[in-house]
Amino acid sequence: MNNRKNLVKVIDMLGLLVRAPRTIPELTELTGMHRHTLNSWLELLCEEGLVRKEARTRRDPSGQVFKYYWSPPTCTPQD
């Protein structure tokens, strides 16, 4: 049962990324997933080319924050 619950959260995360770019704090709040879990999933999705991450510089002293974007590979028709 726990695996199904986790899968639902991952699917929720993907749906949120398809709709708009998000930061890990935003995804944590919206999905209820732990930031370390989100980071692991997002890194895997980046490696697969489904998500890209861009650094954004904050004006406050905390430095950079990363924003994640849905970025599926473009498909080309096969001959």
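User: How many aromatic pairs does the count come to?

Analyst: The model is predicted, and side-chain atom pairs count only at pLDDT 80 or more. Two rings pair if their centres lie within 6.5 Å. By this rule, the number of aromatic pairs is zero.

User: Which residue lies over the face of Tyr69, and which over the face of Phe66?

Analyst: A charge sits over a ring if NZ of Lys or CZ of Arg is within 6 Å of the ring centre and within 35 degrees of the ring normal. For Phe66, at 4.4 Å from the ring centre, the residue is Lys53. For Tyr69, at 4.4 Å from the ring centre, the residue is Arg52.

User: What pattern does the protein follow along the sequence?

Analyst: The secondary structure comprises three helices and three strands. Read along the sequence, their pattern is α-β-α-α-β-β.

User: In what order do the three strands form the sheet?

Analyst: The sheet is open, and its pairing is antiparallel. Strand 1 and strand 2 (51-57) each have a single partner strand, so they stand at the edges, and one side of each is left without a neighbour in the sheet. The order is therefore 1-3-2.

User: How many bridges join strand 1 to strand 3, and over how many do strand 2 and strand 3 pair?

Analyst: Strand 1 and strand 3 (residues 64-70) run antiparallel and are joined by two bridges. In strand 1, Thr23 stands opposite Lys67 of strand 3, and Arg22 stands opposite Tyr68 of strand 3. Strand 2 and strand 3 also pair in the antiparallel sense, and the number of bridges there is seven.

User: Which residue in strand 3 is the bridge partner of Val51?

Analyst: Strand 2 covers 51-57, and the pairing of strand 2 with strand 3 is antiparallel. The bridge partner of Val51 in strand 3 is Trp70.

User: At what angle to strand 2 does helix 3 run?

Analyst: Helix 3 spans residues 35-47 and lies across both strand 2 and strand 3. Its direction relative to strand 2 is about 115°.

User: Is Thr23 buried or exposed?

Analyst: Thr23 is found in strand 1 (residues 22-23). Not counting residues up to four places away in sequence, Thr23 touches Val65, Phe66 and Lys67. The relative accessible area of Thr23 is 12%, and the cut-off is under 20%, so Thr23 is buried.

User: Which residues is Ile24 in contact with, leaving aside neighbours within four places in sequence?

Analyst: Ile24 is found in helix 2 (residues 24-31). Ile24 counts as buried because its relative accessibility is 9%, against a cut-off of under 20%. Leaving aside those neighbours, the contacts are Arg35, Leu38, Asn39, Leu42, Phe66 and Tyr68.

User: How far apart in space are His36 and Ile24, C-alpha to C-alpha?

Analyst: His36 is placed in helix 3. His36 counts as exposed because its relative accessible area is 57%, and the cut-off is over 50%. In sequence, His36 and Ile24 are 12 residues apart, while in space the C-alpha to C-alpha distance is 9.2 Å.

User: What share of the residues of the protein count as buried?

Analyst: The accessible surface of the protein comes to about 6100 Å², with 53% of that belonging to carbon and sulfur atoms. Among contacts between residues at least 6 apart in sequence, 30% join residues at least 24 apart. Of the 79 residues, the buried share is 22%.

Terms used. Residues numbered from 1 in each chain as written. Predicted model: local features only at pLDDT ≥ 70, side-chain atom pairs only at ≥ 80, totals over all residues. Heavy atoms only, no water. Phe/Tyr/Trp six-rings, centres within 6.5 Å; stacked < 30°, edge-to-face > 60°. Helix = DSSP H or I, 4+ residues; strand = E, 2+ residues; numbered from the N terminus. Buried < 20%, exposed > 50% of the residue type's maximum accessible area, 1.4 Å probe, protein only. Contact = heavy atoms within 4.5 Å. Pairing = 2+ DSSP bridges. Axes fitted to C-alpha atoms, helices over the stretch in contact; angles between N-to-C directions. Areas by Shrake-Rupley, 256 points an atom, 1.4 Å probe, with all protein chains shown as cover.
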